[in-house]
Amino acid sequence: MILVTGGAGFIGSNFVLDWLAHSDEPVLNLDALSYAGNLANLRSLQADARHVFVHGDIRDRALLDRMLAQHRPRAILHFAAESHVDRSIHSPDSFLGTNVQGTFTLLEAARDHWSGLPAAERECFRFLHVSTDEVFGSLGPADPPFREGDAYEPNSPYSASKAASDHLVRAWHHTYGLPVLTTHCSNNYGPFQFPEKLIPLMIVNALAGKPLPVYGDGLNVRDWLYVSDHCAALRTVLARGRMGESYNIGGWNEKTNLEIVRTVCALLDEMRPDAAGPRERLVTFVADRRGHDRRYAIDARKIERELGWRPAETFETGIRKTLRWYLAHPHWITQVQSGAYRDWVSTQYGAN
Ligand code: NAD
């Protein structure tokens with residue numbers, strides 16, 4: 001069995017589905033079901049005994065100890081985080097709480113669990129920490145893409161909290177020998193992404209005929225990776241990554257935000273024409289995000305060379321799949337926007 005934290009979020013739920021599509025090894029899924037966690041993402045696993053869901057917080061040490069003792073997972077994949085930069089600017093507290101304190105608590109529980117395992121199981125155990133390219137800061141237009149050994153220069157409360165968690169993971173390996181792996185991935189997109197992030201926000205607003213807010217001049221650059229490619233990379237790193245190493249994961253797809261928005265508009269116009277005219281008319285430039293990093297780019301040659309992983313999707317194929325998914329799931333969009341899901345969570349589990 002593997003333990004996944006944050007497995008009801010965007011990437012975590014895609015990972016759980018992807019894992020169980022490739023393996024019969026069960027998944028123990030711990031998620032606090034914050035606004036970003038959504039069990040509807042995992043509805044197809046409702047009757048699948050290979051998926052065990054636990055509603056809880058990674059800061060709850062007693063819960064972690066109970067789960068680890070009962071299920072004895074051979075690996076922990078740590079996705080749980082507060083993940084939205086804008087939210088981190090407005091209220092950084094929860095980012096420190098989950099990303100830093102939460103990762104610390106999980107590392108301590110993992111260390112106790114790992115050190116109590118019989119030698120053969122201890123040898124195989126892995127703690128895979130899912131991190132972001134944002135810890136490396138912002139690149140100039142002519143700078144080479146981020147490499148694994150680059151200095152950390154986080155600029156937002158989100159990236160600073162993720163950088164802190166990376167350092168804790170590194171230290172738990174160096175000091176205690178915990179067998180860790182860390183990945184730094186670029187911007188993901190695909191099914192089940194909460195419509196606060198750029199691509200789903202643009203899709204949802206464009207379909208509703210609402211303004212498409214673009215920060216500043218729209219020329220900030222990000223690398224984009226289709227989420228199933230990220231999931232495949234994580235499976236690869238877990239299986240063959242060298243202990244204590246970090247791996248960059250990226251799609252070699254640098255795009256400005258404006259290019260992304262224009263592409264979404266053009267494809268939606270093609271797939272579902274709008275009688276009012278091309279949706280690009282909805283683009284509205286808004287005041288820039290505070291401290292907005294100008295450019296992220298990922299050099300993914302290490303994982304390609306050492307582990308043989310390569311993205312299966314190009315941006316052109318991945319974005320079409322993404323748009324088709326959102327067009328086919330209007331109910332999912334309504335549900336995450338309506339607050340009815342939050343009401344259901346508090347009925348099921350009590351408020352959190
Ligand atoms: P998300 O916000 O969609 O999901 C986070 C999940 O963690 C949610 O299900 C939430 O309920 C859960 N969670 C939050 N706090 C928790 C806590 N205290 N205890 C237990 N569960 C908790 O995030 P995502 O976009 O799926 O990102 C997942 C991971 O991947 C994060 O660590 C993020 O930093 C990293 N990452 C994301 C991207 C991206 O483009 N989205 C890129 C690179 C790395």
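Mentor: Let us begin with Y189, which stands opposite Y226 in β9. The model is predicted: local features require pLDDT of at least 70, side-chain atom pairs count only at pLDDT 80 or more, and totals for chains, interfaces and linings use all residues. Residues are numbered from 1 along each chain as its sequence is written.

Trainee: In what sense do β7 and β9 pair?

Mentor: β7 and β9 (residues 221-226) run parallel, with three bridges between them. Strands are DSSP E runs of at least two residues and helices are H or I runs of at least four, numbered from the N terminus. Two strands pair if DSSP finds at least two bridges between them.

Trainee: Which strands form the open sheet, and in what order?

Mentor: The order is β7-β9-β11, and the pairing is mixed. β7 (187-189) and β11 (254-256) are at the edges with a single partner strand each, so one side of each has no neighbour in the sheet. On average, neighbouring strands of this sheet are turned by 50 degrees against each other, direction ignored.

Trainee: Is N253 buried or exposed?

Mentor: N253 counts as buried because it has 23 C-beta neighbours inside 10 Å. The rule is that a residue is buried if 20 or more other C-beta atoms lie within 10 Å of its own, exposed if 12 or fewer, and partly exposed in between, with C-beta atoms placed from the backbone. Leaving aside neighbours within four places in sequence, N253 is in contact with D223, W224 and F315. Contact requires that the C-beta atoms of two residues, placed from the backbone, lie within 7 Å.

Trainee: Changing topic to β6: how many of its residues are buried?

Mentor: Six of the six residues of β6 (residues 180-185) are buried, so the strand is largely enclosed by the rest of the structure. In a regular strand, side chains alternate between the two faces of the sheet. In β6 both faces are covered, with V180, T182 and H184 on one side and L181, T183 and C185 on the other.

Trainee: Which strand is joined to β6 by six bridges?

Mentor: That is β5 (residues 126-132), which runs parallel to β6.

Trainee: Which residues of β8 are on its covered face, and which on its uncovered one?

Mentor: L212 and V214 form the covered face, while P213 and Y215 form the uncovered one. β8 also pairs with β12 (residues 283-286) in the parallel sense over four bridges, and L212 stands opposite V283 there.

Trainee: Now the helices. Which residues of α7 are buried, and what covers them?

Mentor: In α7 (residues 198-208), the buried residues are L198, I199, P200, M202, I203 and A206. Their cover includes β7, β8 (212-215), α9 (257-271) and α11 (315-328). Just after α7, G209 has a positive phi of about 70 degrees.

Trainee: At what angle do α7 and α9 pack?

Mentor: The angle is about 40 degrees, and the axes are 10 Å apart. That makes α7 oblique to α9. Angles under 35 degrees count as roughly parallel, over 145 as roughly antiparallel, 65 to 115 as roughly perpendicular and the rest as oblique. Axes are lines fitted to C-alpha atoms, for helices over the stretch in contact, and angles run from 0 to 180 degrees between N-to-C directions. On the α7 side, L198, I199, M202, I203, A206 and L207 meet N257, I260, V261, V264, C265 and L268 of α9.

Trainee: And how do α1 and α8 cross?

Mentor: The axes of α1 (residues 10-22) and α8 (residues 227-240) come within 9 Å and cross at roughly 60 degrees. These two helices are therefore oblique to each other. Among the residues making the contact are F15 and W19 of α1, and C231 and L234 of α8.

Trainee: Finally, how many helices and strands does the whole protein have?

Mentor: The protein has 13 helices and 12 strands. Buried residues make up 45% of its 352 residues. Among contacts between residues at least 6 apart in sequence, 82% join residues at least 24 apart.
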